[in-house]
Amino acid sequence: MKVSVIGAGNVGATCADAIAFRSIASEVVLLDIRENFAEGKALDMMQTATLNQFNTKIVGSTNDYGKTANSDVVVITSGVPRKPGMTREELIGINAGIVKGVTDNVLKHSPNAVIVIVANPMDTMTYLALKESKLPKNRIIGMGGILDSARFKCYLSMALNASANDIEGMVIGGHGDTTMIPLTRMASYKGVPVSQFLAADALKKVAADTMIGGATLTSMLGTSAWYAPGAAVASLVDSILNDQKRLFPCCVALDGEYGQKDICLGVPVTIGKNGWKKIVDVNLNDDEKAAFAKSADAVRNMNNVLSAAV
Ligand code: APR
């Protein structure tokens, strides 16, 4: 199975590394516009093969899409990351142009690939890729919700002083500091609602920390994060390539589900061969429904900015 990762920067390289380290694919192609950059990253990673004991072949490419031909999955990370104080939405102009061009190139060589969008603002970039590619909607998936959910579970585990692996929780809605919706009511510690262990104030703080999880790291690192985004992409790619049918919150095209149409937004969805399969309705309460509608309004406004930006 072959995966191509477009953009060999912090997120793209970490994603390629995680895919190889976990032996998810037989071949990973890393492509970047910077001369020799992807080749260098690929060679460095290949030199970990005997140490980390994987057999995945990792190939670097400077903008040669021929090397990405016949990929089963293509991950688009190419784009500008946030700087401290920036919102993901502020990246729209520059990243929209990049994602548009990259999507066209990718599909010339891998017409059957499932496309995973990581570049921000991710909900709008997913919508752009869907419109630009005219692919069946199931083959376009925005990754953000898996990352946001991993952050949510991390903050919950810290508040509970528990193992993150014993926590379940999802973040739906947009992948923005003000648009994401941590589903606190449904989060559990080994199946027991977390509200039985944490007071309302503590839960509110976990949700608030989750929502600004990316911005917190950007202010610490000077650029946006990469370890958790890379690992989140690897989990998504694993479920696609190995037809695991995992249930992940991902950004997908809605056609009436969750009360929304003509928009890509984060909802729980099963992921397998050929992309996303089924949107799962988790029966939101009135407050959650209102938050989802508000999130959709904000993302729709951003999508409307798109035509002016590209
Ligand atoms: N084609 C291929 N690669 C490109 C293109 C292009 N048209 N334009 C930019 N790139 C490459 C850059 O050369 C750079 O190596 O994309 C890479 C981006 O890497 P970083 O600057 O390290 O950014 P990163 O932190 O990886 O974030 C990438 O993911 O999480 C999101 O908000 C983040 O939108 C950003 C994206």
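These legends describe close-up views of a predicted model. Local features need pLDDT of at least 70, side-chain atom pairs count only at pLDDT 80 or more, and totals for chains, interfaces and linings use all residues. Residues are numbered from 1 along each chain as its sequence is written, and side-chain values use heavy atoms, with hydrogens and water left out.

**View 1**
The chain is assigned domain 1 (2–144) and domain 2 (145–309). These bounds come from an automatic or database domain assignment. The C-alpha centres of the two domains lie 21 Å apart. Across the boundary, 44 residues of domain 1 are in contact with 55 residues of domain 2. Contact means heavy atoms within 4.5 Å.

**View 2. The largest pocket.**
Rolling a probe the size of a water molecule over the atoms shows where empty space is left. The largest pocket holds about 750 Å³ of space. It is lined by 42 residues, and the closest to its centre are Thr-77, Ser-78, Gly-79, Val-80 and Pro-81. Helix 1 (10–21), strand 2 (27–32), helix 4 (92–109) and helix 6 (144–160) each give two or more residues to this lining. Helix 4 provides the largest share, 5 residues. By type, the lining has 20 nonpolar, 17 polar and 5 charged residues. Domain 1 and domain 2 both contribute to the lining, so the largest pocket lies between them.

Terms for this view:
- A pocket is an open set of points on a 1 Å grid over the protein atoms alone, where a 1.4 Å probe fits, with protein on both sides within 12 Å along at least five of seven lines; lining residues have an atom within 4 Å of a point.
- Grid points are joined across faces, edges and corners, and a volume is the space filled by probe spheres set on the points.
- Helices (H or I, at least four residues) and strands (E, at least two) are DSSP runs, numbered from the N terminus.
- Ala, Val, Leu, Ile, Met, Phe, Trp, Tyr, Cys and Pro count as nonpolar; Asp, Glu, Lys and Arg count as charged; the others, Gly among them, count as polar.

**View 3. The second largest pocket.**
About 570 Å³ of space lies here. Of its 22 lining residues, Ser-149, Ala-150, Lys-153, Arg-246 and Phe-248 are the closest to the centre. Two or more residues come from each of helix 6, strand 7 (167–168), helix 9 (227–241) and strand 12 (246–255). Helix 6 gives the most, with 5 residues. The lining divides into 15 nonpolar, 4 polar and 3 charged residues.

**View 4. Strand 12 and its partner.**
Buried means under 20% relative accessible area, exposed over 50%, and partly exposed in between (1.4 Å probe, protein chains only). Strand 12 runs antiparallel to strand 13 (residues 261–272), joined by 10 bridges. Two strands pair if DSSP finds at least two bridges between them. Pro-249 stands opposite Pro-268 in strand 13. The hairpin of these strands has 5 residues between them, and Gly-256 takes a positive phi near 105°.

**View 5. Two loop residues.**
Asn-55 sits in the loop between helix 3 (49–52) and strand 3 (57–62). Asn-55 is exposed, at 76% relative accessible area. Ser-26 is 29 residues from Asn-55 in sequence, yet 7.0 Å away in space, C-alpha to C-alpha. Thr-184 lies in the loop between strand 9 (180–182) and strand 10 (188–189). Thr-184 counts as buried, at 19% relative accessibility. Leaving aside residues up to four places away in sequence, Thr-184 touches Phe-152, Val-194, Leu-203 and Ala-207.
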